[in-house]
Amino acid sequence: MNVHYDEQQLDALRELASIGSGNAATALAQMLGRSVELQVPRALALPLADALDAVGEPDAMTASVVMQVGGDAEIVVLLLFSYPGAASLCELLGVEPRSELGDSALGEIGNILGASAVGALAQMTGLALEPQPPQVLYDMLGAVVASVLSATVGELDLALVLDAELDVEGAACGLSFLLLPTAGGVDELLGRLGLGAEGASGQ
Amino acid sequence: MGELAVSAAAEDELVSMGLGSCVGVALVDRERGIAGLAHVMLPEANAAYSAPAKFADRAVPALLASTERLGARRERTVAVLAGGAQMFAGNGRTAGVAGLDLGARNEAAVRTALAEAGIPVRAAATGGDRGRTVRVCVGDARVTVKEAGGEEQSLWHPAAPADDLVEIS
């Protein structure tokens, strides 16, 4: 299967990533009572092997929150933290890192950030999107990201990575916020924006 | 990810880092000092495709052909597997993304393809829910595996008796 996204489509996806992660940043700021800076969101269309490299070192131990989104478009929302980043975020929230409560707090952050980003996408596109309960993992970055990409875009040679960095003011707990739609999910998003069909031949 | 590599150079090391649901398939002909490693992402190809190493049903024949081109003999070649974990809860049966957990299906497809090629699996560190990194030392034909958060451990080496099947999970 050959997939190609043209510049106009990537611009539109970048805009979606920007609005989605902007909403996520606002939600995180409200939750923490601190300002959260959003680094320029990217929409990258990359060969699969490069997509993994773009996210980080494959065997780096990483704390992640995975949220699957079903409904009209399938998307995986991924929050990635360094171990120290996850720990300082837990401390900001007054819970013990790597405890049941700490994991539950990270999951809740994933829930709130994911739901606000997905809610914004749903509002922009008119798609019905259904976030599922989040899962917290402590594992190798590559194992988490490659497993998600295998299931979402494994059959294509192209991964669409929508990501942004969120930096919390006065605390070393930045996180990467990724939206990884399936190829069908990208088609749905683009279709609703009037940019579907001819450019992206996902099927 | 979705790639394969082969080598006959003793100083080379073939590595697949951060295998989750993906399966690292190592083929070793210890007598000739030839090894190959493929990073399989999906059980089977559903269309003509340019990157055979991604799919178990194509990766195994492609990897075998590549080691044979370097001079490996099929009847001496053995396989060592790592990966195929179930990273995510829900097994794809939730309302989320279908088929998010491919680990067990990947491993089964790799084993089927190896059986069809007549290649025995001598050691495997598969299943579970942790990521793994697998390394194949071409020179001494040793295979090691490191599980997320764990220590690197020996998975297979040439001195292992041929009928000694190693399973780490």
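Okay, let's start in chain B, where helix α1 (residues 56-69) lies across β1, β3 (23-29) and β4 (34-40), running at about 160 degrees to β4(B). Angles here run from 0 to 180 degrees between N-to-C directions, with axes fitted to C-alpha atoms. Helices (H or I, at least four residues) and strands (E, at least two) are DSSP runs, numbered from the N terminus. Quick caution: this is a predicted model, where local features need pLDDT of at least 70, side-chain atom pairs count only at pLDDT 80 or more, and totals for chains, interfaces and linings use all residues. Residues are numbered from 1 along each chain as its sequence is written, and chains are lettered from A and ligands numbered from 1 in the order written.

So what's the strand order of the sheet in chain B? It's an open sheet of six strands, β1-β4-β3-β5-β6-β10, with mixed pairing; two strands pair if DSSP finds at least two bridges between them. β1 (4-7) and β10 (166-168) of chain B stand at the edges with a single partner strand each, so one side of each has no neighbour in the sheet. The twist averages 10 degrees from one strand to the next.

A123(B) stands opposite V166(B) in β10(B).

Over to chain A. T152(A) lies in helix α5 (residues 141-153). Is T152(A) buried or exposed? Buried, because 26 other C-beta atoms lie within 10 Å; the cut-offs are 20 or more for buried, 12 or fewer for exposed, and partly exposed in between, with C-beta atoms placed from the backbone.

Conventions: Two residues are in contact if their C-beta atoms, placed from the backbone, lie within 7 Å.
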